[in-house]
Amino acid sequence: MALQLGSYILVAIGALMVVLTRRPERQVLVYSLYGLLLSLLFLVIRAPDVALSELAVGSVAIPLAILVTLSKMRDPERLQ
Amino acid sequence: MPVVAPFAMAALLMCLSRVLDQRVSNALAVATAVGVIGVCAFLFVLVPDQGSIVYWFGGWSPEIQGALGIDFAFDKIGAGLALLTAVLASFALVYGFGYYQDAGPLLNVLVLVFLGGITGMSLTGDVFNFFDFFELTYIAMYGMSAYSAGDEHALNASISFIIVSSLACFLFLFGITLLEAQTLRLNMAAISVTLAQSPARGLAIGAFALMSAGFFIRAAVVPFHFWFVDAEGTAPTPLGLLLAAVGVELGLYAFARMYWAIFSGLFQHFAVLRAGLVGLGGISSVIGSVMCLNARNLKRLVAFFTVSHLGLFLVGVGLLSPLGLAGVSLYMLTYAPAVSSLLMCVGILVARFSSLSEVELWGRGRALPMTGAIFAIASIASIGVPPLGAYTGRALLLRASVEAGYQWIVAVSILASSLTGAALIIAAGRVFLGLGPRPARRAGEGHEAGRGKGQEEPRGLHGRRYAPWFMLLPAAAGAGLSIAVSLVPELAAKAEAEAARFANRSAYLANVLQAAESVTPPTGQEDVVLPLGVWSGALSTVLAVGIALAVLYRGHLPSWLERNVAALWQPPLAWLERLHSGRVDDYVTMVIVGTTLLGGMFFAAFR
Amino acid sequence: MSGARLRHGFLLAGLVGLGLLLGWSLLNLHPYGEFHGPDEIRIEAIALHERHVTNLDAFVNFDLRALDTLGEEFIFFTAIVGLSLVLRRLPGEAEEGKSLPLAAGRSAPEPDELTRWITPAYVPALVVFGLYVLIHGHLTPGGGFQAGAIIGSALAMIYVAFGYSAFSHTVDQERTEVVEAAAAACYIATGLTALAIGASFLTNILPVGETGRLYSAGTIWILNDVSGAAVSFGFLTMMAEFISQTHHRGSGAGG
Amino acid sequence: MDKVPYLTAGWVFLAGLYGMATSRNLVHQVMCLSVVQSATYVLLLASGYREGGLAPIMIGARPDNATFVDPVVQALALTDIVVGAAVTALLLAIIIRVWRVKHVLDPDALTRDES
């Protein structure tokens with residue numbers, strides 16, 4: 001029970017961190033971490049399928065797509 | 001099944017996109033839509049009068065272990081909605097021929113998926129399945145909304161559209177989850193039965209408030225309508241017509257379906273809820289019509305026109321009576337094809353002249369007499385000049401409001417129809433006839449007219465004398481359909497009976513859960529063409545013409561009148577325009593505040 | 001910007017109100033951890049005895065609520081179609097893309113030696129793992145969607161390690177799109193087969209096999225694999241679209 | 001205490017909304033949107049949790065009267081995650097387009113030069 005409670009609280013903190021990290025470049029990392037926390041929570045409350053999904057999507061696939069997007073957007077500054 | 005066919009064809013088209021010729025692909029898409037029309041019509045006929053059909057997927061009918069699976073449960077209203085959507089989707093597909101060069105089969109695929117999704121929504125009897133299709137239709141629309149991917153306004157509008165609508169979905173899903181948590185069911189009928197036995201209903205009310213917020217966002221009800229106007233203003237015509245004619249209305253259908261199937265009977269203070277909903281609808285209608293008269297961008301004009309009419313629809317649904325529902329369904333049946341026709345005419349103008357501004361288009365529409373004629377017919381149909389077009393439905397709606405004690409709705413309706421009617425007449429007069437002096441650009445007008453530069457239409461019409469058949473034909477069909485439907489005799493009485501069936505919760509439950517069927521008493525069929533409907537319709541038509549003339553020939557009015565009207569008119573208008581800022585974060589704020597207000601209202605109605 | 005503070009206040013008021021609404025609803029929920037399924041419904045019993053499936057999620061997704069999954073499949077499919085529509089080459093920019101040489105520093109992030117060494121080893125490993133998750137979806141945690149995400153991301157790693165040309169060599173975007181659509185169509189076809197033999201749409205009609213064996217659970221297995229294929233290729237298409245975007249960029253960005 | 005999981009879901013929902021309404025960057029906004037969405041997963045799964053329930057995988061030894069956590073909500077959450085991924089991907093694509101046209105992602109700057 002304590003484990004679950006801890007996971008919930010971690011998720012709550014994680015969500016706030018994602019929202020309050022204003023720079024997208026850094027936010028992606030926090031977001032990925034948040035995905036990890038979520039899948040941990042799901043594992044703890046006995047939803048392994050959802051945990052696996054969240055792990056694959058929330059902390060790998062989506063951040064990867066965002067990174068690719070961002071890498072494109074950073075370019076001009078670097079070029080100038 | 002009508003839902004699956006468009007999906008299958010969409011997948012197939014995508015599969016073969018590299019192989020198929022443009023014509024074959026278009027023909028296949030249209031053939032699918034026509035096939036769906038056929039199937040829906042068949043289903044519509046198949047549904048017994050004042051009865052319904054229930055179909056369980058995967059063989060999971062409720063005798064085995066309770067209502068676990070997904071069912072389709074629909075009556076004539078659901079089937080009719082699916083049929084209407086199929087007709088409109090085939091318009092959109094035919095109209096969309098011109099886009100093939102640019103987008104390949106992608107647009108066809110999206111329209112087909114949209115069709116499948118709407119059909120699924122109107123037939124399903126399962127809450128989560130409903131959500132699934134709700135989201136699916138949204139995603140199809142998202143893709144189309146960013147069609148003009150080189151135009152910043154379109155992109156911006158599309159982003160607000162996606163973000164606000166996603167919030168709508170999440171609110172809806174949150175509500176579903178709360179319901180599921182309490183009742184452990186996802187089938188609407190089963191939820192309803194369980195809730196009726198459950199002591200703690202507060203939760204259900206909270207869930208319903210969240211769900212309704214989601215539905216009203218979709219239905220572009222006033223504090224939530226911003227995304228719609230922006231998206232409609234920059235959408236390519238196939239999306240524009242689908243969105244304005246059925247896409248948003250489905251939000252109200254969702255509300256009506258959920259209310260009648262699940263929540264009716266849960267509220268202690270029924271009257272409070274009703275007053276709140278009707279009030280919301282009235283406000284929507286008035287604000288929409290005022291903004292409509294003020295709009296100079298033709299697509300935005302039609303968008304506000306739709307907002308205004310949706311307000312009236314909400315009044316009808318919000319009356320929470322079968323009569324109001326009957327009015328809305330009739331209204332919708334005539335309104336949807338007419339507005340789609342209007343949009344297609346606007347689309348033709350844009351394709352020809354690359355402009356959306358009434359000011360820039362002044363008099364140029366004379367080169368397109370056919371389009372002008374269709375626009376005029378569609379205007380008549382959508383304004384509802386007695387006894388044509390939207391008139392019958394509105395008469396029924398007004399009768400329902402008077403019966404429920406909301407006489408002031410008649411005034412709202414007259415105001416809204418005359419203002420929106422005037423807006424259409426002004427637009428038509430200026431563009432197609434060159435009436436009035438050449439309008440000058442007002443200061444600050446570029447702001448509004450500049451949104452959406454008409455990049456969303458296919459090129460290639462320049463220099464052609466006539467609009468191509470595939471654009472004109474569906475436009476004409478839409479206008480004609482609307483007029484024709486209104487001339488069918490005794491439609492009102494039938495709609496009334498079917499609405500009574502739709503609103504009969506116990507019959508719905510009995511049908512789905514296959515208990516003994518309770519017999520519904522047929523409602524009394526009274527004469528519908530009330531004097532009320534006739535004089536209010538006539539009055540608003542006259543007023544519309546009057547206002548239109550006054551605006552067109554503003555210079556001839558006595559100057560004191562003009563000044564006073566302007567003084568009265570400008571400040572609130574400026575304030576309203578500022579609210580339509582086009583900023584996503586503003587819209588999100590409005591969603592939050594609106595949801596809170598709605599929740600408060602539901603809470604008040606519950607306690 | 002005088003309205004900014006007003007707006008903020010408005011927002012906070014709304015948030016508080018919404019918080020009250022949510023809080024009120026949430027506090028009315030049954031106590032946490034005391035979920036009790038309705039007594040007459042025992043999903044696990046049906047799953048085990050009638051379908052010989054051991055992953056209940058897969059049973060719900062691909063049998064009980066297979067229509068939802070069909071919708072979900074098409075949500076994904078449609079999103080990819082929309083993505084291609086948004087990122088299609090617009091008339092004006094047809095030429096500027098490929099002919100331009102890639103500017104320095106705009107290519108894929110330079111991977112270090114280690115990444116280059118490890119990637120060839122772990123990409124196949126990840127793919128194999130994804131396939132395992134896929135075909136055992138009805139037995140153990142996992143299934144079509146998770147596997148799709150794993151496989152899609154794994155192949156995208158090729159881009160990270162070896163750059164665009166290697167990636168576009170491995171992944172032919174046009175083909176992935178076609179395969180994705182075909183897989184989605186197969187899902188429907190499976191459902192229609194049931195219709196053809198007289199059952200209702202998406203009925204599980206195949207023999208359910210022996211519990212715990214790879215081939216068991218009837219159509220659940222097929223639907224699972226088909227949707228896995230659709231999602232894998234969907235993810236691949238998505239990644240390919242994004243990645244090719246960064247490489248088709250014209251001179252517009254620089255100036 | 002036994003309400004913490006639900007309140008977490010509500011909290012995550014509100015936090016995401018707050019982030020969206022005050023966001024200064026579209027990419028940031030998209031991530032906040034998916035935070036809002038994650039609230040729905042948390043609520044779904046929390047509502048289906050059962051003290052002492054087993055994960056819904058019936059492999060290996062288990063007592064005859066074993067109880068399971070609710071598999072239906074898990075299936076719904078899976079669907080939900082797919083939806084989230086789809087929407088996020090589409091939004092990112094549109095943002096790429098916005099960037100190409102305007103080279104800014106601040107909603108302020110995107111609407112400022114309208115008139």
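**Chains A and D in a predicted model**

Chain D of this predicted model contains 4 helices and 0 strands.

Colleague: Which pattern does chain D follow along the sequence?
Modeller: Chain D has 4 helices and 0 strands. The pattern of chain D is α-α-α-α.

Colleague: What share of the residues of chain D counts as buried?
Modeller: A residue is buried when its relative accessible area is under 20%. Chain D has 115 residues, and the share of them that counts as buried is 77%.

Colleague: How many helices does chain A have?
Modeller: The elements of chain A run α-α-α from the N terminus on. Strands number 0 in chain A, and the helices number 3.

Colleague: Why is chain A described as more spread out than a compact globule?
Modeller: The C-alpha trace of chain A spans about 55 × 25 × 10 Å along its principal axes. For 80 residues the globule rule gives 12 Å, and chain A is well over that value, so it is more spread out than a compact globule; its radius of gyration is 15 Å.

Colleague: How far apart do the centres of the positive and negative side chains of chain A lie?
Modeller: Chain A carries 7 positive and 5 negative side chains.

Colleague: What part of the accessible surface of chain A belongs to carbon and sulfur atoms?
Modeller: Buried residues make up 62% of the 80 residues in chain A. The accessible surface of the chain comes to about 3200 Å², and the part belonging to carbon and sulfur atoms is 72%.

How values were computed:
Residues numbered from 1 in each chain as written. Chains lettered and ligands numbered in written order. Predicted model: local features only at pLDDT ≥ 70, side-chain atom pairs only at ≥ 80, totals over all residues. Heavy atoms only, no water. Helix = DSSP H or I, 4+ residues; strand = E, 2+ residues; numbered from the N terminus. Rg over C-alpha atoms; globule rule 2.2 N^0.38 Å. Buried < 20%, exposed > 50% of the residue type's maximum accessible area, 1.4 Å probe, protein only. Areas by Shrake-Rupley, 256 points an atom, 1.4 Å probe, with all protein chains shown as cover. Lys, Arg positive; Asp, Glu negative; His and termini not counted. Charge placed at Lys NZ, Arg CZ, Asp CG, Glu CD.
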